[in-house]
Amino acid sequence: MRGRVPLLVGLAIDSFGGGCAGPLLLLFFVRVGDIPLGTAGLLLTVATLFSLAAPAVVGVVIDRVGPRNLVIGAQFAQGLAFAGFFVGRATWLLFLCALVMTTGQRVFWSSIFSLLSDIADEGDRDRWFGLGGMMQAGGFGLGALAAGALLTIPGDEPFLVAMALNAVSFFLAGLLLMRIRASHAKRAADNIGGPAPLLRKDKPFLVLIAANTVLALCTMVMGIGLPVYVTEALPAPKWLVGVLLAAISIVLATGQTLVVRHTEKRRRTNVLILAGVLWAVWGVLMAGLLHIPVWAVVPGLLLATAVFAAADVLHAATSNALAAAVAPVRGHGKYLSYWQYSFTFASVLVPAFFAQLFEVRHEFPWLAISALALVAAGTIYVLDQKLPHATTRRD
C-alpha cells in the first residue's frame, strides 16, 4: 500500500461524486436546463457517440505519456465539465460540457486499468484490480445515497449541489493522483509500442474483447432492465428495485478481493467461463419469474439477483486482470485501452437490446442474454486452448 493510498482514495472520491451526480444528470438537464426530456436524452446520447474515438486515441499515446498523466487529465477535464454544468444554462454550453464529460470518462476508463497494472507488485495484479473496483463501488454507493437524500429537497438546489459536489470530487481526485510515486507509475522504454492497429497485432485479443463485450452486456442489462421488468411485468413491490441494486453494489464493494483470494489458484479464463454460465442461469431465472405463482415472485427475484451478483463479482475481479496479463509487454497500455471498447460497446448496445426485445415479449431479453452468455463462455473456453497458460493463470 505504501505510496499507493492516494490512488485508492482518489478512486473512492471520484466514484462518490459520480454516484451523487450521475443519477441526477438527466433530471438536471430537464429541471435546471429547462430542456425537454427527449431532447436532453438525445444530447447526452450524441455526446456519448462523439466520445467513442477516445479509447483508440488513448491506445496510440498511453505508452508514451503514461496512464497516470492521462487519468489525471481526465479527472480535471470532468471536473471542468461539471463546473460548467453548475454555472451554465444555455443548451449549447450544456452540450459542450456533456461532450467534455463523456470524453473524459472514456479516457479515464481507457487508462485506469493500465495504471493499476503498473502500480501492482509482481503477483498482486488481480488483488489490485479487485481493490480498485471495491473502492469505486463503495464510493459510488455512498454517492447514490447522497443523491437520494438530495432529492428530498425541493427546487433546483439539489441538482446544483450534486453538480458542484461532483466537480469538487474530480478536482480532489486529480490532486490526489498527482501524489502517486513516480516509481509506481513509470513506463519502461521497451513497453512502448507503435500506433499499429490492434487487428494486425493480436487476433486472439480481439476475440477476447468480443467475448467480454457480451459479458459486459450482462453486467449492464440488470441496471437497465430490472426497474422496467419489476414496474411493467412483475407483481412485485416497486421499492424492491432500489434494495436489490443497492445489494449488488454492496457485494461489489466488499467482495472482490475476497473472490480473488479464493480464485487465485484458478485460471482466469475458467473464472470468466463460470461467470458466463452463472449469467446464463440468471437469465433463465429472470424469464421464469413470469411463469411462477405470485407468492414465489419475490423469493425468485432474490434468488436471481444473488446469482447475478455472484457472476458480477467474479467478472469484475478477473476480466481486467486477464486482459492485462494477455496483452503483450510491448504496447501494453495500448492493448488495455482497446480492451475498454468492450465496455463502451456494451453501454451503447444495452438500452436498445433490452427495449426492443422487451417490447416483443417480456421474457426475450433475459433468454437472449442467457444464450449470449453461453456463447461468450464457450468462446473463452476455445480461446483458452490457444493462449499460453502463463498468461491466463494467476501471476
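**Legends to close-up views**

**View A. R267 and D384, two buried residues joined by a salt bridge.** R267 and D384 are both buried, where buried denotes under 20% relative accessible area, exposed over 50% and partly exposed in between (1.4 Å probe, protein chains only). The model is a predicted one, in which local features need pLDDT of at least 70 and side-chain atom pairs count only at pLDDT 80 or more, whereas totals for chains, interfaces and linings use all residues. Residues are numbered from 1 along each chain as its sequence is written, and side-chain values use heavy atoms, with hydrogens and water left out. The structure has 2 salt bridges, each defined as a side-chain nitrogen of Lys or Arg within 4 Å of a carboxyl oxygen of Asp or Glu. In the pair shown here, the N to O distance between the side chains of R267 and D384 is 2.3 Å. R267 belongs to the loop between α11 and α12 and D384 to helix α16, so that distant parts of the chain, 117 residues apart, are linked. Helices (H or I, at least four residues) and strands (E, at least two) are DSSP runs, numbered from the N terminus.

**View B. The salt bridge between R361 and E363.** The closest N and O atoms of R361 and E363 are 3.1 Å apart. R361 is partly exposed, its relative accessible area being 43%. E363, in contrast, is buried at 8%.

**View C. The largest nonpolar core.** A nonpolar core is a set of buried Ala, Val, Leu, Ile, Met, Phe, Trp, Tyr and Cys residues joined through side-chain atoms within 4.5 Å. The largest such core holds 67 residues, and W279, W282, M286 and L301 have the most contacts inside it. Two or more residues come from each of α10 (203-232), α11 (240-263), α12 (268-288), α13 (297-326), α14 (332-339), α15 (341-360) and α16 (364-384). The greatest contribution is that of α10, with 14 residues. Apart from this core lies another, of 27 residues, including C20, A21, A98 and A167. In soluble globular proteins, nonpolar side chains tend to be buried together.

**View D. The surroundings of W279.** With contact taken as heavy atoms within 4.5 Å, and residues up to four places away in sequence left aside, W279 touches L215, C218, T219, F308, A311, D312, H315, S370 and A373.

**View E. N212 in helix α10.** N212 is buried, at a relative accessible area of 2%. Beyond its neighbours within four places in sequence, N212 is in contact with H315, S319, W339, S342 and F343.

**View F. The aromatic pair F76 and F171.** Rings of Phe, Tyr and Trp (its six-membered ring) pair if their centres lie within 6.5 Å; planes under 30 degrees apart count as stacked, over 60 as edge-to-face and the rest as tilted. The whole structure contains 13 aromatic pairs. The ring centres of F76 and F171 lie 6.1 Å apart with the planes at 35 degrees, so this pair is tilted. F76 is in helix α5 (residues 67-87) and F171 in helix α8 (residues 157-177), so the pair ties together parts 95 residues apart in sequence. F76 is partly exposed at 25% relative accessibility, and F171 is partly exposed at 27%.

**View G. The pair Y229 and W366 and its aromatic cluster.** The rings of Y229 and W366 have centres 5.1 Å apart and planes at 50 degrees, so the pair is tilted. Because Y229 lies in helix α10 and W366 in helix α16, the pair ties together parts that are 137 residues apart in sequence. Y229 is buried, with a relative accessible area of 0%, and W366 is buried with a value of 0%. One aromatic cluster is formed by Y229, W279, W282, F308, F354, F358 and W366.

**Context for the views.** The protein has 17 helices and 0 strands. Of its 395 residues, 52% count as buried. Among contacts with a separation of 6 or more, 85% are between residues 24 or more positions apart. The accessible surface comes to about 16,900 Å², with 70% belonging to carbon and sulfur atoms; accessible areas come from the Shrake-Rupley method with a 1.4 Å probe, and for residues only the protein chains shown count as cover.
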